[in-house]
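User: Please take a close look at one part of this model: the packing. Keep it brisk.

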Amino acid sequence: MAAVDVDMPMEIEPQIIRNEDIEREAEGFKEKGNTFYIKKDYSEAFNYYTKAIDSCPKNASYYGNRAATLMMLCRFREALEDSQQAVRLDDCFMKHKNAAAVLEFERMAEFGFDKRDFRKVVYCMDRALGLASACHRFKILKAECLALLGRYPEAQSVASDILRMDSTNGDALYVRGLCLYYEDCIDKAVQFFVQALRMAPDHEKARLACRNAKALKAKKEEGNQAFKDNNFEAAYKLYSEALMIDPNNIKTNAKLYCNRGTVGAKLKKPDQAIEDCTSAIKLDSTYIKAYLRRAQCYMDIEQYEEAVRDYEKVYQTEKTKEHKHLLKTAQLELKKSKRKDYYKVLGVGKNATEDEIKKAYRKRALMHHPDRHSAATSEVQKEEEKKFKEVGEAFTVLSDPKKKTRYDCGHDLEDDSNNMGGKLAPIWILIAFTFL
């Protein structure tokens with residue numbers, strides 16, 4: 001009989017079957033990892049991607065997925081290693097660039113923070129969060145720098161977002177406290193710092209901020225009490241010590257400078273007071289109290305143009321009747337300062353009595369009388385004659401109650417001045433008669 005060909009099934013090698021089973025199992029691990037990644041459970045996603053890699057260590061995509069998960073867990077150096085391994089397995093795999101970019105932004109941010117370039121840190125963290133959006137550490141660093149830049153609402157918003165997901169996050173509690181601290185809400189700030197330390201006992205920044213906040217409050221209150229007790233030297237010293245505690249606390253330090261400026265005014269040191277008020281304004285350009293204090297100091301030393309400038313700033317900000325009155329008063333004094341100061345001509349104060357004005361007039365008239373300088377040079381004679389006439393003008397105005405009132409109120413006396421020449425003659429004769 002002829003042999004009959006019978007189709008027999010091909011024998012499948014056991015190794016191929018095992019490989020397929022392993023790959024199928026690895027894919028299953030990857031899918032579970034993807035599910036946890038979508039749920040933002042990055043720790044579980046990492047575990048399953050690791051199982052996939054253990055099953056198929058030559059699959060580039062598994063390393064890429066785990067690298068993405070490591071980035072979300074802020075383990076960037078490990079993420080970079082996984083990304084590099086993915087590229088070694090598949091040179092078309094480009095996800096490693098993200099991990100490398102995040103590491104570079106992190107490095108730049110650390111350098112910027114050390115240099116106190118907080119704007120640069122915020123920029124770097126924004127870029128890094130674009131690649132690792134769930135990284136709490138980057139969010140916290142951004143929020144802290146926003147607080148240090150005085151952008152408190154933005155910093156509060158970032159910290160609040162984190163606390164909504166994790167109410168025990170010590171870093172976020174610290175940032176909330178930092179914002180309150182820099183807004184001069186020290187008591188509330190301390191509460192947040194204490195809570196942060198309760199959640200994270202080793203949080204050094206929270207511990208330092210809490211210590212500074214308590215010290216600042218205590219020293220400021222000591223200074224205030226010394227001021228109330230009229231112990232101005234002690235108050236000045238205490239405010240100075242408070243200013244050394246934390247240079248970053250702008251609002252509190254602005255108040256301390258203004259308080260010290262008030263003490264300087266009480267100590268009759270107007271230049272020192274003005275300098276302190278200027279320091280307060282540099283820290284907080286909206287600080288009305290510092291403008292008012294500086295303006296009053298300018299008034300005291302008769303620098304009326306500077307006083308008007310400050311009162312104008314205040315009135316533009318707060319249009320109250322009181323501020324309007326202060327501005328009008330300064331403007332009037334400025335106007336008066338640009339005229340001849342008849343009180344200075346006679347050498348008397350603005351509250352001089354009628355008798356004091358008369359005595360001062362006789363003294364100055366005698367001092368500058370032309371007959372006393374008849375032997376002097378023509379230049380000296382002209383100068384003394386000019387001064388003698390000014391003395392007469394001053395007496396004409398200040399000895400007349402109506403003219404004196406108008407002069408004191410800042411009214412122009414040009415019409416009266418035009419008639420002064422006619423009135424000086426009899427005064428001249430009277431003086432000559434009196435002293436010859």
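Analyst: **Repeats, helices and their contacts**

Residues 26-59 are 79% helix and 0% strand, and the C-alpha atoms at the ends of this stretch are 10 Å apart. Helices (H or I, at least four residues) and strands (E, at least two) are DSSP runs numbered from the N terminus. This is a predicted model, where local features need pLDDT of at least 70, side-chain atom pairs count only at pLDDT 80 or more, and totals for chains, interfaces and linings use all residues. Numbering starts at 1 along each chain as its sequence is written, and side-chain values use heavy atoms, without hydrogens or water.

Residues 288-321 are 82% helix and 0% strand, with end C-alpha atoms 15 Å apart. The protein has 23 helices and 0 strands.

Helix α15 (residues 288-300) holds Arg-294. Arg-294 is buried, at 8% relative accessible area (buried is under 20%, exposed over 50%, partly exposed in between, with a 1.4 Å probe on protein chains only). Beyond its neighbours within four places in sequence, Arg-294 contacts (heavy atoms within 4.5 Å) Ile-274, Cys-277, Thr-278, Ile-281, Arg-309 and Asp-310. Across the protein, 42% of the 436 residues are buried.

Next, two helix pairs. The axes of α7 (residues 136-148) and α9 (residues 170-182) come within 9 Å and cross at roughly 5°. The two are therefore roughly parallel (under 35 degrees; over 145 is roughly antiparallel, 65 to 115 roughly perpendicular, the rest oblique). From α7, Ile-140, Ala-143, Glu-144, Ala-147 and Leu-148 take part. They meet Asp-171, Ala-172, Tyr-174, Val-175, Leu-178, Cys-179 and Tyr-182 of α9. By class, this contact has 10 nonpolar, no polar and 2 charged residues (Asp, Glu, Lys and Arg are charged; Ala, Val, Leu, Ile, Met, Phe, Trp, Tyr, Cys and Pro nonpolar; the others, Gly among them, polar).

Helices α19 (residues 354-368) and α20 (residues 378-398) have axes that come within 9 Å and cross at roughly 165°. That makes α19 roughly antiparallel to α20. Their crossing is left-handed (the near helix is turned anticlockwise from the far one by less than a right angle). Among the residues in contact are Ile-357, Tyr-361 and Met-367 of α19, and Phe-388, Val-391 and Phe-395 of α20. The α19 contact with α20 has 8 nonpolar, 2 polar and 4 charged residues.

Terms used: Axes are lines fitted to C-alpha atoms, for helices over the stretch in contact, and angles run from 0 to 180 degrees between N-to-C directions.
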